[in-house]
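Please look over the sequence and the model below before reading on. The briefing then takes up a few topics in turn.

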Amino acid sequence: MNKHVKFIIFLFSFSILNSQVVTDTVKSIQGDSLLQEENIENKIEQFTEKAEQEVDFSELTQNLEYYSRHPLNLNTATYEDLVKLGLLNDIQIRNLLTHRQKYGKLISIYELQAIDGFDLQTIYRILPYVKIASEESKTSWSLRNVKKYSKSFVLTRFTHTFPLAEGYKKDSGGYLGSPYKLYVRYNFSYFNLLSFGFTAEKDQGEEFFKGSQKQGFDFYSYHFYMRNVGPFLAVALGDYTLEFGQGLAMWTGLSFGKTSDAIYIKKSGRGILPYRSANEFNFLRGAAVQLKLTKYFYLYGFTSMRAKDGSGITTDSINQEEYTISSLNESGLHNTTTSVERKNNVKENLIGSRIQLNLNRLQVGYTSYLLHFNVPVVPSSDLYQQFYFSGKQQWINSIDYSFLYRNMNFFGEVAYDGDGLPAQIHGLMYAANYHYSLALLYRDFPRDFTSFFGSPLSEGSKPINERALYMGHEIKFSKQWWLSSYIDLFHFPWLRYQVDAPSDGVEFLSQLNYAPNKRSQFYFRYKYESKKNNFSETYAKIPLDNRKQTFRIHAAYPISDAFVFKTRVEILLHKYATESTKMGFLAYQDVVFRKKNSPLNFTLRLATFDTYSYDERIYAYENDVLYSYSIPAYYYKGSRTYFLVKYRARKNLEYWFRIAHTLYVDRTTMGSGLDLINNPAKTEVKFQIRYTF
Amino acid sequence: MKIRFVSIIFVLIVSLHAWSQFINAYPQISGQGGAGVADLSHAYIDVNPAVVAWIEEPTIHTNYFARFLLTELSDENITFIYPLKDKQGTFSGELLYTGFSALHTIGTKINFAKQFGEKFSLGLNFDYFQLATDQEYYGRKNSFTFEAGAQYKLNEKLILGTYLFNPIQPKLSVIVNERIPFVFVTGAAYRFNDNFVMLADIKKIQKQEPTGHVGFRYSFSSKVQLQTGTSLNPFGIHAGSIFTLPKLHLSWSIQYQPILGFSSGIGIMYALNRQPKNSSYE
């Protein structure tokens, strides 16, 4: 009976595809996905706008790079495997598993269209990373297989900017070390079952094998990671990250917030992951294991001991002097005397566990951990920090859940830090039908809640002092046209940095998308954001409205099999308090050459920008060498050009070269302080080699 | 008196149309609101160097455009277009003159444009400018630069275009650190039916605010087309017409800007073999 039903579905799935779609889909199995690329770029851009710091996004691309080399077999993939892929939501995953259970293995990739929730855009998005095969995976533990299928690579990168900033001049009292940046990485992997390696990085201005860095690089990271070994589903030693629940209590991996994918707001924690990035702050160092207790219960245990940088002060008490830390520094830069003094001056110890119940439509997890610092953390006397965490020890407990009912996915997390009220986040994703999906999210983070490892969807950088309601929609007009929009209404019950009163705000985004085929995407985006900021021209520093409106037109389309053009025009209007409206403008043209089986590919960008001041800056993603990311803020008046070329000399030897040039036409210097350059132009050069064996 | 007049004109040009001495205005484009970067029906390498790739016959055109009806702010140019056989590419050469004796620019542009497949064209202009003013900080200055443009037919109705002028930004004067501006234009043309085309461009000239241009062109018959459009920031209203005769295109336009007044231009395009043919709309 099942076979007959399956055959009908198969025929039906063919009939609903027009010939163009079939052709595109077949091509896409072999080719890249511009849509997916655009999606990642969008996410990273929006992340950077909020974070305003340099972040290594390689976690994101490494995962997809793995699946593009080893596509996930949709006929054998488990729930956990599909979550780890990171491209499907829970409703889609459950619908796929139910379909497989009912009708047996998928016959063809086209059959995906017959599954609820799998629209053409979703299929385009996952196609480069999945396959349909009937055989079981060959990835098992045996020494012969490990020797045969394992891969190693060594990667090294050199970055230099010139002319040199004032901080590098002799006797300037500025940067201690040389102006170049150096990055080295080694990685061994056997599918996704075994990975070990190290990363070493020297940032600009840091010393190298001398002075404060006699050991060479400023930052070293090591990891050892195994999956499916005996009773252990995962074992991590060295540096690792944890992703649990909705990220309220524990999420040290990359965490994206509000994006133009307005309904994808639920986090799907992937548990224990190896840490292979060069971010120097947000990871754990020690050991972690995941154990399968029964068919439905999983147990996690983790411990971490590492040093971090803190801004410390010594205070006099009646009996003795006490050293305390007012804040932890996340930059990872140790290139001045002050930053070197702060290096590793706080010892952080963490021990915790998690138990997780995985039923077909219900997941519940309980996480508990104890965090200890060797010196007390005492926030500054600024009023806005009045309720910040104070002390040496913190015990966090949290419960998270995810429940599927028909096409509705309820999810949430409640976390308690032992002080005041618990923090909570609850959401719903609802795929009403093919044309309409909805997402709702309520979050409430009390002003005295502190989660050092938390990273849920939030307006602020940390889950503290925020109460908000988010609503997102996706309306599909046809296979090619769809509209995504969200509105986020937030309230800050207590003071914030540079906001001397409780305040509120709103963020609204609407994006009309047109994707005539899998390699083209056009969209128009409107974004409105209003928050309060102290208006400093008055003595009383009254928080007044700070509004930004952004209009963006973006086109990415192939002009041949090998060339893709990307064009963007973006206008930002900024109105602050009683000041007049100021404008920011960015336009760029990209030419991308990427031909299958060609050893050479390149990207060229020509951009012009014009903003009234730094406050009207506009961020734009730039292609960079593998595992390096550039999302500069374009501000003032000028132009920027970059050229990136990748050359595969041999199957196992790849070279990258990138040159980026910025020219200001309205000023004669760049930067300020130690980064001041007495020239209106600067050029950054990057060179990278990867050898695989 | 003459010096004062020259100075006024100079300030006008530098502050309002600093780019216009390098990129001429054309009546056929002005008539449709100044929008035309994605338009395939003209042959102006200053509007998009890629456009001549679609031209199939050797063609010559000349244009005169009087900005604000002032001879001193007028553009004059002549262009020769020579397509190679079998769509191997198109060579063009343009001579342009802007200004008057005390302040003028003479430009020479050599263009090569090529179709890649049926949907895409790419063009490059290599430019040589000779600038001359009585201003002591500028004096005489010769500059080399280049321009690039592309046009892409996304489907039967929608065409996209991008044009970049002078990405290398050579200096005009060392003393005042002024450079020839970078200009970025992108736009689209949408053909509602065989008779009606809508065009929209966004243009950014460095150090100036971005401008928008929207235009419409309606064909009454195979011989007469009417145009109208508007430009934003600064606001202007545009109108024009194109007459197609055997071997000949005649175009005429007028535009009105509330503060600076009227501008007008006339252009003639002549096909050396037969009627200028544009493959894109046929």
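This is a predicted model: local features need pLDDT of at least 70, side-chain atom pairs count only at pLDDT 80 or more; totals for chains, interfaces and linings use all residues.

Residues are numbered from 1 along each chain as its sequence is written, chains are lettered from A and ligands numbered from 1 in the order in which they are written, and side-chain values use heavy atoms, with hydrogens and water left out.

**Where chain A meets chain B**

- In this pairing, 26 residues of chain A are in contact with 23 residues of chain B, contact meaning heavy atoms within 4.5 Å.
- About 2,100 Å² is buried between chain A and chain B, and carbon and sulfur atoms give 75% of that area; buried area is the accessible area (1.4 Å probe) that two parts lose on being put together, summed over both.
- There is 1 salt bridge between the chains, a term for a side-chain nitrogen of Lys or Arg within 4 Å of a carboxyl oxygen of Asp or Glu.
- Asp610(A) and Lys204(B) form a salt bridge, in which the closest N and O atoms are 2.8 Å apart.
- On the side of chain A that touches chain B, at least two residues each come from β22 (542–558), β23 (563–576), β24 (582–594), β25 (600–611) and β28 (637–650), strands being DSSP runs (E, at least two residues) numbered from the N terminus.

**The cores**

- The largest nonpolar core has 48 residues, and those with the most contacts inside it are Met250(A), Ile272(A) and Phe302(A); such a core is a set of buried Ala, Val, Leu, Ile, Met, Phe, Trp, Tyr and Cys residues joined through side-chain atoms within 4.5 Å.
- Strand β13 (residues 362–377) of chain A gives the most to this core, with 5 residues.
- Leaving aside neighbours within four places in sequence, Met250(A) is in contact with several residues, including Leu284(A), Phe302(A) and Tyr369(A).
- A second, separate core of 44 residues includes Phe47(A), Leu96(A), Val146(A) and Leu193(A).

**Chain B and Ser219(B)**

- Of the 282 residues of chain B, 57% count as buried, that is, under 20% relative accessible area (1.4 Å probe, protein chains only).
- Ser219(B) lies in strand β12 (residues 211–219) of chain B and is buried, because its relative accessible area is 17%.
- Beyond its neighbours within four places in sequence, Ser219(B) is in contact with Asn195(B), Val224(B) and Gln225(B).

Technical notes. Helices (H or I, at least four residues) and strands (E, at least two) are DSSP runs, numbered from the N terminus. Buried means under 20% relative accessible area, exposed over 50%, partly exposed in between (1.4 Å probe, protein chains only).
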